[in-house]
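I opened a new structure today and kept notes as I went. The entries follow the order in which I looked things up.

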Amino acid sequence: MSTTTTRQIVKIDEELCTGCGLCVSPCAEGAIQIIDGKAKVIREELCDGAGFCLGVCPTGALTIEEREAPAFDHEAAEKIIAAKLKTYIPQVCHVCGVDEDNAPLLPVRTKGSSTWVCTRCLPALIHG
Ligand code: SF4
């Protein structure tokens, strides 16, 4: 039985959500899925409120709010992460092509789209 607590959790504005799905893979715990064309937090106990999904949303539909919610379930999240590791497809840096197994990647917005950049290429994007 889950307990509730006041904590940070992702909030999705369905008016702004286009259902593009970009926010699904940054959520390691699998808390977000696209249902009927809109992103949904399908199990609130799997959303840790870290907000890694926010940076990839092209419409600003994702924010963090603080409210009463089921406590984050570390055990369930770890099981899902372990299962995903068996099937995941690494994302790649749009500049140099290195994948996330070989360099940390960050979500960025560039030229009207959301993509990934590695920490080695990021300084050049910042400083030109
Ligand atoms: S990234 Fe934003 S617009 Fe795309 S599905 Fe997620 S919430 Fe909706």
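My notes go from the whole chain to single residues.

**Entry 1: ground rules.** I noted that this is a predicted model, in which local features need pLDDT of at least 70 and side-chain atom pairs count only at pLDDT 80 or more, while totals for chains, interfaces and linings use all residues. Residues are numbered from 1 along each chain as its sequence is written.

**Entry 2: overall layout.** I found 2 helices and 6 strands in the protein. Helices (H or I, at least four residues) and strands (E, at least two) are DSSP runs, numbered from the N terminus. Read along the sequence, their order is β-β-β-β-α-β-β-α. The C-alpha trace spans about 50 × 35 × 25 Å along its principal axes.

I then looked up burial. A residue is buried if 20 or more other C-beta atoms lie within 10 Å of its own, exposed if 12 or fewer, and partly exposed in between, with C-beta atoms placed from the backbone. Of the 128 residues in the protein, 19% are buried.

**Entry 3: domains.** I see domain 1 (1-88) and domain 2 (89-128); such bounds come from an automatic or database domain assignment. Their C-alpha centres lie 22 Å apart. The contact between them takes 6 residues from domain 1 and 4 residues from domain 2. Two residues are in contact if their C-beta atoms, placed from the backbone, lie within 7 Å.

**Entry 4: the ligand.** Which residues are closest to the ligand? I listed Cys-17, Cys-20, Cys-23, Ala-39 and Cys-57 as the closest of the 14 residues that surround the ligand. A residue is near a molecule if its C-beta atom, placed from the backbone, lies within 6 Å of it. By class, this shell has 10 nonpolar, 4 polar and no charged residues. Ala, Val, Leu, Ile, Met, Phe, Trp, Tyr, Cys and Pro count as nonpolar, Asp, Glu, Lys and Arg as charged, and the others, Gly among them, as polar.

**Entry 5: Ile-32.** Ile-32 sits in strand S2. Is Ile-32 buried or exposed? Ile-32 is buried, because 23 other C-beta atoms lie within 10 Å. Leaving out residues up to four places away in sequence, I counted Cys-23, Cys-27 and Ala-39 among the residues that Ile-32 touches.

Entry 6: Strand S2 (residues 32-35) and strand S3 (residues 38-41) run antiparallel and are joined by 4 bridges. Two strands pair if DSSP finds at least two bridges between them. Gln-33 stands opposite Lys-40 in S3. S2 and S3 form a hairpin with 2 residues between them.

Arg-109 has Ser-114 in S6 as its bridge partner. The hairpin of S5 and S6 has 2 residues between the strands.

Entry 7: Most residues other than glycine have a negative phi. Asp-36, in the loop between S2 and S3, has a positive phi near 50 degrees. Asp-36 is exposed, because it has 7 other C-beta atoms within 10 Å. Lys-111 lies in the loop between S5 and S6, and its phi is also positive, near 50 degrees. Lys-111 counts as exposed because it has 5 C-beta neighbours inside 10 Å.

**Entry 8: helix H1.** Last, I checked H1 (residues 74-85), which has 12 residues. The count of buried residues in H1 is 0.

Definitions and conventions. Expected span 1.5 Å × (residues − 1).
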